[in-house]
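Here's a quick briefing to read alongside the model.

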Amino acid sequence: MAQSFDYESATRASASDEGHSDASPLERLAEIAARTAEETGKFANVDAILRIPVTMQVVLGSATIPVANLMKLGRGAVVPLDHRVGEPVDVVVNGRIVARGEVVVVEEDNSRFGVSLTEIVGPLGQGDT
């Protein structure tokens, strides 16, 4: 017998728990998955799953140009992207958009950038803020 999982009510329940206000949305989601796995008993080794490395990318934008123009690019060339300044960037994990966010400067080291997540993309590509 299959069990269903209500993401929205689990997210609300997780957010209302004490001590979780500083957790990122992805940390809360991992916590929900671990708790759900423990409750159902289906995944005894959820820790092993949570340690699987994934490739995460932040996409500032993209451009489509002919190969002839690509071959002409040199030092100092500017390639305009399809995103504008101020628009959210896409957070991609293993080739799938999972979130959107804003580019920020990391406080500890002003020479590095980071992403502040503003939206978690739902399973059907719908945003959950």
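A salt bridge here means a side-chain nitrogen of Lys or Arg within 4 Å of a carboxyl oxygen of Asp or Glu. With that in hand, look for Asp90, Arg100 and Glu119, which are linked in a network of salt bridges. Keep in mind that this is a predicted model.

**The chain as a whole**

- You're looking at a chain with 4 helices and 5 strands.
- Going along the sequence, the order is α-α-α-β-α-β-β-β-β.
- Of the 129 residues in the chain, 16% are buried.
- The chain exposes about 10200 Å², and carbon and sulfur atoms account for 54% of that area.
- Take the contacts between residues at least 6 apart in sequence: 29% of them join residues at least 24 apart.

**The salt-bridge network**

- How many salt bridges does the structure hold? The count is 2.
- One of them pairs Asp90 with Arg100, with 3.3 Å between the closest N and O atoms. This pair links distant parts of the chain, as Asp90 sits in strand S2 (residues 89-93) and Arg100 in strand S3, 10 residues apart.
- Glu119 and Arg100 also meet through their side chains in a salt bridge, at 3.7 Å from N to O. Glu119 belongs to strand S4 (residues 113-121) and Arg100 to strand S3, so this pair ties together parts that are 19 residues apart in sequence.
- As background, side chains of opposite charge can pair when their charged atoms come close.
- Is Arg100 buried, exposed or partly exposed? Arg100 counts as partly exposed because its relative accessibility is 22%, and the cut-off for buried is under 20%.

**Asp90 up close**

- Asp90 lies in strand S2 and counts as buried, because its relative accessibility is 13%.
- The side chains of Asp90 and Arg100 are also joined by a polar contact of 3.3 Å.
- Which residue stands opposite Asp90 in S3? That one is Arg100, so the salt-bridge partner is also the residue across the strand pairing, as the 13% accessibility of Asp90 marks a buried position.
- Leaving aside residues up to four places away in sequence, Asp90 touches Gln57, Val58, Val59, His83, Ile97, Ala99 and Arg100.

- S2 is mostly covered, with 5 of its 5 residues buried.
- That cover is on both faces: Val89, Val91 and Val93 are buried on one side, and Asp90 and Val92 on the other.
- S2 pairs with S1 in the antiparallel sense over 4 bridges. In S2, Val93 is the residue that Met56 stands opposite.
- S2 also pairs with S3, again in the antiparallel sense, over 5 bridges.

**The S2-S3 turn**

- S2 and S3 make a hairpin that leaves 2 residues between them.
- Asn94 lies in the loop between these two strands. Its phi is near 50°, a positive value in a residue other than glycine.
- Is Asn94 buried or exposed? Asn94 counts as exposed because its relative accessible area is 52%, and the cut-off for exposed is over 50%.

**A nonpolar patch on the surface**

- Met56, Val58, Leu60, Ile65, Leu70, Leu73, Val79, Leu81, Val103, Val105 and Phe113 form a nonpolar patch on the surface, and together they have about 970 Å² of accessible area.
- Which strands each supply at least two residues of this patch? Strand S1 (56-59) and strand S3 (96-105) do.
- Ile65 is one of the patch residues and lies in the loop between S1 and helix H4 (67-72).
- At 37% relative accessibility, Ile65 counts as partly exposed.

Note on methods:
Residues are numbered from 1 along each chain as its sequence is written. This is a predicted model: local features need pLDDT of at least 70, side-chain atom pairs count only at pLDDT 80 or more; totals for chains, interfaces and linings use all residues. Side-chain values use heavy atoms; hydrogens and water are left out. Patches are made of residues with over 30% relative accessible area and no salt bridge: like charges are joined within 9 Å, nonpolar side chains (Val, Leu, Ile, Met, Phe, Trp, Tyr) within 5 Å. Accessible areas come from the Shrake-Rupley method with a 1.4 Å probe; for residues, only the protein chains shown count as cover. Buried means under 20% relative accessible area, exposed over 50%, partly exposed in between (1.4 Å probe, protein chains only). Contact means heavy atoms within 4.5 Å. A polar contact is a pair of N or O atoms within 3.5 Å; within protein, one must be able to donate a hydrogen and the other to accept it, and residues adjacent in sequence count only if both atoms are side-chain atoms. Two strands pair if DSSP finds at least two bridges between them.
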